[in-house]
Amino acid sequence: MLRCLTSGGRVCPALVPPFTLSPSWILKNRTEDRHRRLTEQRWRCSVRCMSSVAKRRRSLPSAFPVLERPLQPIHQHVYEANLRNSNACHKKFIELREQVMKGGGENAIARHTKRNKKLLVRDRLRLLLDDEDFLELSPFAGLGLPYGDIPSAGCLTGIGRICGLWCVFIANDATVKGGTAYPITVKKQLRAQEVAMQNRLPCVYLVDSGGAFLPLQSEIFPDKNQGGRVFYNEAIMSAMKIPQVSVVCGSCTAGGAYIPTMAEEAVMVHRIGTIFLGGPPLVKAATGEEVTPEDLGGAKLHAEVSGCVDHFAWDEKEAYDYTRSIVSTLNFQLPEEEEEGEEKMKKRTAEEEPLYSSEDLLGLAPLSYNHTLDVNMVISRLTDGSRFHEFKARFGTTLITGFAKIHGNLVGIVANNGELSYQAALKGSHFVQLCDQRDVPLLFLQNTAPTAALTLSTTQAEMNSNRLKAQGSMLSAVACSSVPKITVVIGGCHGADSYAMCGRAFDPNFLFLWPNARVSMAAPGHSGSLLPRDSEQEEEQRKKQEDDLNRRLEEESSAFFSSGRLWDDGVILPQDTRKVLRDCLDIIRQQQYQLSTEKVQQPLLRM
Ligand code: COA
């Protein structure tokens, strides 16, 4: 059963074509094309493939055993300490969220809405997306940076549904310094594009930006992964058949002007949107001529004269309606949602929920490595029916591996339950390859040891060499596995073990942190393992050095410090993890439903 994309029942201002462009119609008109036969062959192939994909399917009934892991009195002491820490982290999370929601502050909001008559970025998303329930990426990016607090890095990114289709959005917040791009803004935009590429998601840009934040131009302009990369990615994404739509709902000055002109389709809002390389002040300085922004690069000019945009909208609401309409032209076919009675639905939901409350995760989120409880307790609070098919349960027990379902999606779970020993790493490699072989997405629950292993004897040296070899294999297995990967740092992210557990450098499709997470080479309190031993050094001096480093580790390892710098895709609350994982798995799966995904050689060029 297939469901074509529709505009979700909304009235859309776009002209409805008098005929439906069926794929066969397209093919008939391509008879002159010298690649016709090849195209046809490829198309048939992808449709055949899709029709089998798209048939209503049923996964194998789960016979996984239930993982019974209730809280025991023996856990109480550690559980309560963790809970106190989680509550403190939650408070900080709420504080930061409130700070971020205020954007550039009251004055900037008044200027944006009253003087410039524009909608706030979250109101824009409300009009663009099907509902408010979207997956926001790195909302705390930009906070606590050396150059100040940049709320949301001046740009909201995330994944939301438009006409039922998951799309990445990249939306400038012009209340933050006119939407100008700081280095962190560029980094956030590039990460969002990477998410779109890795998961083959259509991408919508809401552009309202004064271009580069000039005082930091040297950190934005020249290098490979800086400003220009956004435009480079737009071309590459188009060549990869990743659709991109741009809405000009504010200023698009200088570099920013390339975003709509390189998008495959662009909508521009009358009186609000402008596109130019140099604005009216520059024209005045250069030629002495006075020109209005509207005449220099307004929506009428670009829709009627330059052709830089394809759709003219009288107001913002109309622009988002157009965008939804454009998205509904994309060639995706989504599987029909199962229609079920309310009762049946309720029963199913009840069956699939874990046996234990997700609130328990707050007491399982470790305050430190020493406060880690059996990771099976975490797994049993995330998986459907708390079911888990464990793999190699008796071997390398400091790493737990096995299969489970999360909201009906089969995943292979790899979870730290102690140090990544020789056996644990061998088991990890085996399991990762197994999932790769079976095309099962991987979920890493990361909580790595606070320090590197010590080498105080020959036996230890031998053990560590073996461990190094096994960990090297696991790194290779993780790096080369082609299945989607999601990493959740539930405790520590320290040392090389974190790479084997699919840290950021190993390209997981998504990486989230719990608020209690710690990200640093060694955990706070373990700086001694990082400092070289110097026999000449006074004990007092050494102690001071250690204390200084520990203080730094404490400050720089917090989840919020990491997220502020975009080392992850955001901090998520432990109790929301199951829902976030459900969305991610759903998002990752969507690429199966795009028809004709053959890579083409050329991006779409605006003529
Ligand atoms: N670099 C640094 N700061 C900038 C900036 C830039 N490119 N563009 C705007 N700002 C700052 C302003 O100084 C102001 O700061 P303040 O709030 O501390 O006073 C803030 O952003 C908002 O600017 P303002 O002009 O008051 O707001 P606006 O909504 O009326 O206009 C713009 C926003 C972006 C249209 C307008 O500021 C503009 O045209 N800027 C210049 C754009 C440009 O030439 N960019 C070239 C970059 S390569």
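A: Start with burial. Of the 607 residues of the protein, 50% count as buried. Keep in mind that this is a predicted model.

Q: How many helices and strands are there in the protein?
A: The protein has 21 helices and 18 strands.

Q: What share of the contacts with a separation of 6 or more is made by residues 24 or more positions apart?
A: Such residues account for 75% of those contacts.

Q: How much of the accessible surface belongs to carbon and sulfur atoms?
A: The accessible surface of the protein comes to about 29800 Å², and 54% of it belongs to carbon and sulfur atoms.

Q: How do I read a pair of aromatic rings?
A: Two values describe such a pair: the distance of the centres and the angle of the planes. In this structure the count comes to twelve aromatic pairs. One of them joins phenylalanine 134 and phenylalanine 169 edge-to-face, at 5.3 Å centre to centre and with 90 degrees between the planes.

Q: Where in the chain do phenylalanine 134 and phenylalanine 169 lie?
A: Phenylalanine 134 is in the loop between helix 5 (121-128) and strand 2 (135-137), while phenylalanine 169 is in strand 4 (residues 165-172). They are 35 residues apart, and the pair links distant parts of the chain. Phenylalanine 169 has a relative accessible area of 1%, so this residue counts as buried.

Q: What does a stacked pair look like?
A: Take tyrosine 499 and phenylalanine 506, which are stacked with their centres 6.1 Å apart and 20 degrees between the planes. Tyrosine 499 is partly exposed at 40% relative accessibility. Phenylalanine 506 has a relative accessible area of 18% and is buried. Rings can also gather in a cluster: Phe93, Phe140 and Phe560 form one.

Q: Which charged residues sit over a ring?
A: Arginine 381 has its charged end over the ring of tyrosine 356, 4.3 Å from the ring centre. Lysine 392 has its charged end over the ring of phenylalanine 395, 5.5 Å from the centre.

Q: How many residues are in the largest nonpolar core?
A: It has 76 residues. Those with the most contacts inside it are Ile159, Val168, Val378, Ile379, Ile413, Leu445 and Phe510. Helix 6 (residues 183-199) gives the largest share of this core, seven residues. Apart from that core lies another, of 30 residues, among them Leu156, Leu165, Val247 and Tyr322.

Q: What is isoleucine 159 in contact with, leaving aside its neighbours within four places in sequence?
A: Its contacts include Phe134, Trp166, Val168, Phe169, Val195, Phe510 and Ile587. Phe134 and Phe169 are the two rings of the edge-to-face pair described above.

Q: How do I look for disulfides?
A: A disulfide is a covalent bond between the sulfur atoms of two cysteines. A search of the whole structure finds zero of them.

Q: How do I read the buried side of a helix?
A: An α-helix has 3.6 residues a turn, so residues three or four places apart point the same way. In helix 7 (residues 227-239), the buried residues are Gly227, Val230, Asn233, Glu234, Met237, Ser238 and Ala239. They pack against helix 6, strand 5 (203-209), strand 6 (244-253) and helix 8 (258-262). After helix 7 comes lysine 241, with a positive phi near 65 degrees.

Q: Is arginine 124 buried or exposed?
A: Arginine 124, in helix 5, is buried at 1% relative accessibility. Beyond its neighbours within four places in sequence, arginine 124 contacts residues including His112, Asp208, Cys249, Glu316 and Tyr320.

Q: Where is histidine 407 found?
A: Histidine 407 is in the loop between strand 12 (399-406) and strand 13 (409-416). With a relative accessible area of 27%, histidine 407 is partly exposed. Not counting residues up to four places away in sequence, histidine 407 touches Glu352, Glu353, Asp384, Arg578 and Arg582. Its C-alpha atom is separated by 9.6 Å from that of aspartate 586, 179 residues apart along the chain.

How values were computed:
Residues are numbered from 1 along each chain as its sequence is written. This is a predicted model: local features need pLDDT of at least 70, side-chain atom pairs count only at pLDDT 80 or more; totals for chains, interfaces and linings use all residues. Side-chain values use heavy atoms; hydrogens and water are left out. Rings of Phe, Tyr and Trp (its six-membered ring) pair if their centres lie within 6.5 Å; planes under 30 degrees apart count as stacked, over 60 as edge-to-face and the rest as tilted. Helices (H or I, at least four residues) and strands (E, at least two) are DSSP runs, numbered from the N terminus. Buried means under 20% relative accessible area, exposed over 50%, partly exposed in between (1.4 Å probe, protein chains only). A charge sits over a ring if NZ of Lys or CZ of Arg is within 6 Å of the ring centre and within 35 degrees of the ring normal. A nonpolar core is a set of buried Ala, Val, Leu, Ile, Met, Phe, Trp, Tyr and Cys residues joined through side-chain atoms within 4.5 Å. Contact means heavy atoms within 4.5 Å. Accessible areas come from the Shrake-Rupley method with a 1.4 Å probe; for residues, only the protein chains shown count as cover. A disulfide is a pair of cysteine sulfur atoms within 2.5 Å.
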